[in-house]
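Colleague: Thanks for making time today. Could you walk me through this model, starting with the ligand and then moving on to the chains?

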Amino acid sequence: MNELILEMRGITKSFFGVLANDNVNLMVNRGEIHALLGENGAGKTTLMNILTGLYKPDSGEIVISGKKVTFASPRDAIKSGIGMVHQNFRLVDSLTVSENVILGLNDIHRFLNIQEIHEAIGNFSKKYGLNIDPKAEIWQLSVGERQRVEILKMLYRKVGLLILDEPTAVLTPQEVVDLFSSLRNMAQEGKTVIIITHKLNEVMEIADRITVLRGGKSVATMLKKDITRQELARIMVGREIPKVLSRRCVMSEENVLELTGIKALNDRGMEALSGLSVCVRKGEILGIAGVAGNGQKELVEVIAGLRPTLAGSMKINGKNLTNCKPGDIINAGVAIVPEDRVGMGLAQNFNVIENLIVKTYRDSENSRRGFLNWKHLRKNAEKIVKDFDIKTAGVFSPVKLMSGGNQQKLLFARETSKKPSLLVAAYPCRGLDLGATHAVHQILLSQKEQGTGILLISEDLDELLNLADRIAVIYEGKITGIVVPGKASIEQIGLMMCGGGKECIS
Amino acid sequence: MEMVTLLTATLHAAIISATPILYAALGEIFAERSGVLNLGVEGIMLVGAATGFYTAVNSQSLLLGILATVAVSLLFGLIFSFITITLRASQVVTGLVLTIFGTGLSAFLGKSMIGQASPVIFHKIPVPVLSKIPILGHVLFNHDMLVYVLYLLVPLSWFVIYRTREGLNLRAVGENPAAADALGINVFAVRYFYVCLGSMFAGLAGAYLSLAYAPSWLENMSAGRGWIAIVLVIFATWNPVRAALGALIFGGVDVLGFKFQARGIGISPYFMRMLPYLITIIVLIIITARSQMAKNLMPKALTIPYDREER
Ligand SMILES: Nc1ncnc2c1ncn2[C@@H]1O[C@H](COP(=O)(O)OP(=O)(O)O)[C@@H](O)[C@H]1O
Ligand SMILES: [Mg+2]
């Protein structure tokens, strides 16, 4: 049974001086589900990109079923039966499911018979229990469905080894269950699966064997049944894991944010918020749980004043600010940490100082008569960098050179510097590793204790259960229920996120 | 009766006027569909016009003239591709430079040809039978070769883009090159190919001007048609059939201007010459503004160089 399908030996790869993979070894048996575990930046994605021919390794060799191979492109890898589902999906949004699946295949007739292709793809997807409408265009699909298209794409190419890069990051609990069961089916059929993750509970649930990467090196490979979760965590992090957070309840009855019956459209002109009502109180963290795409993005934009509301009202500290300009809303004490910290939150080519003052450069201590007071700015920035423990080459280096976690800390530093009364944070820990996640959680809790009302949008239910004082579930642009952590289980909330089960919780 | 002749003549001339713009626009549609914005169209058109005319005059051969245009515009396409696709320089800047360079180069090459007439030009070839149809016959089937080729190119381009494997690859490369690459489509080859194809069409648009439309050489004779073609592509939402309609509007207004002038209607000729540009843009804006189409249908990777190892 223990027949090696894949062996990667001494793989090394660096990007502009960053050693992403350092002499990494990986051995995978045919028919197993192999977890590649490691914190963010450990080099997991890089290793798999090398395996699939996307990156060229600086050194090292790859052996597949006993034969040494070098892949010049992903196509070569697919030909050898290796396919990868990337973390940021590689789908063409404006094409249909079928078109995405057949893209790049040479045995399709040169002149496309679209009807026939839809039929073939439809049948194929049913065979694997990956139900999906072949005629739908990708932009119309949910994230979970898109993932199915990606898997379908690889299965249609008859790959024997399927790699999934953090596949559960974007799924609801129910979708995770479905995904895992189809992965088990594939393994049963003799296909090999490599699943990349940094979530321990998933590894313990699905993997047969585990390889841990840390700081670009492969530190251990073991059978799941020989190891406990705690040991695994220690191997992965390589240091003691931060203590559990301590929480205090400081919530008052005062509302800092009151949304009533908000209606708004999304970018495509379809209704994204359909009468949403919710309040955030002073000194509480209100969690918003929901599957991405149920109006969270639009909700943030409405609060920020970036998206017009068609109906309903928004009050901040009791003042009606419906459809006001972003500037007025900022002045009313609203701070926003947007979902897209790279694109919207920080100007990537600006340095730390510049990013810190984009909202406050006019303040008297920052500038006088139109000239910036660099001495003060620099001192202030250096203090913030120290206080928030931000790792950077210096306050004059552009933020694009900083890691995601440090960028996020910088963003929080800026947004909380003016003591906001409402802080909106959208997916603040998405893509951050354990250390950075912990730091962000600390910031959120300390802000709350200082009396800020926090609206925390997240798809990580564990995170919400740990941090939030109340959790509101959003589904199809409405709040379908509000629960108190500890009084509802993950399963119940998961059910509400899919539009069901709201009756079972008051 | 006179109304009918006038109408027929106007429509006939509108098609001729639309032809160079449509050639350039079709080419630009292909380039942009692959994710490359070529702002060098105007320059390539001028160089194509000068080369075609110069070669035709000196070789007394229309075929050689066209071949020379094709060769030179392909060369320009290759240079542009190399700079923007391989070296990943800014497409906007490179395109602008190409236009400035092409304008200057064509003026320089053309100095000696001003005032000359070519012994060979594209003559009208009435299509047997079809050209005898009343009204439509003259409007549609009494043109030169390059117009007839265009009749075929519009539906063919549409078919290639929407109904073939190659078209699917093309669209995928312009929308999400990383996705295409992951499935083994050679993003660089596709982009090189369609940018060069587009450049060739722009060159042919120029040759049409100097060997058919107004058989002669005039400095800067494209007169902004390359730019109109680029705008047309956006408002035609990268669709060849829509582009054909847009080009016809331009051609129609252009010709009407001439007719008004000929009848001595007292509007400034400069204003009349501006009108087709203005009206084409306004009409196209109205068509697209209502549906936000341009924004959603724009190839997502347009102007973004592809680098496999970049994140
Ligand atoms: N294309 C790239 N260009 C520059 N640096 C990269 C690139 N890909 C990865 N890295 C760097 O290599 C390291 C490992 O990254 P990655 O393989 O994405 O880790 P993981 O998937 O385990 O989170 C990180 O420090 C990352 O910044
Ligand atoms: Mg990764």
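**Ligand site and interface**

Modeller: Happy to, and bear in mind that this is a predicted model. A polar side-chain atom of Tyr55(A) sits 3.3 Å from a nitrogen atom of ligand 1.

Colleague: How much of the area that ligand 1 exposes when taken alone does the protein bury?

Modeller: Taken alone, ligand 1 exposes 550 Å². Of that area, the protein buries 81%.

Colleague: Which residue has a side-chain N or O atom 2.5 Å from an oxygen atom of ligand 1?

Modeller: For Lys44(A), a backbone N or O atom lies 2.8 Å from a ligand oxygen. The side-chain atom at 2.5 Å from an oxygen of ligand 1 belongs to Thr45(A).

Colleague: Which element gives the most to the shell around ligand 1?

Modeller: Strand S2 (18–29) and helix H1 (44–51) of chain A each supply at least two residues of that shell. With three residues, the top contributor is H1(A).

Colleague: Why is the site of ligand 1 shared between chains?

Modeller: Among the residues that come nearest to ligand 1 are Gly41(A) and Glu309(B). The site is shared because the residues surrounding ligand 1 come from chains A and B.

Colleague: And which residue of chain B forms a salt bridge with Arg110(A)?

Modeller: The interface of chain B and chain A has two salt bridges by the rule. In the one formed by Arg110(A), the closest N and O atoms are 2.8 Å apart, and the partner is Glu166(B).

Definitions and conventions
Residues are numbered from 1 along each chain as its sequence is written. Chains are lettered from A and ligands numbered from 1 in the order in which they are written. This is a predicted model: local features need pLDDT of at least 70, side-chain atom pairs count only at pLDDT 80 or more; totals for chains, interfaces and linings use all residues. Side-chain values use heavy atoms; hydrogens and water are left out. A residue is near a molecule or strand if one of its heavy atoms lies within 4 Å of it. A polar contact is a pair of N or O atoms within 3.5 Å; within protein, one must be able to donate a hydrogen and the other to accept it, and residues adjacent in sequence count only if both atoms are side-chain atoms. Accessible areas come from the Shrake-Rupley method with a 1.4 Å probe; for residues, only the protein chains shown count as cover. Helices (H or I, at least four residues) and strands (E, at least two) are DSSP runs, numbered from the N terminus. A salt bridge is a side-chain nitrogen of Lys or Arg within 4 Å of a carboxyl oxygen of Asp or Glu.
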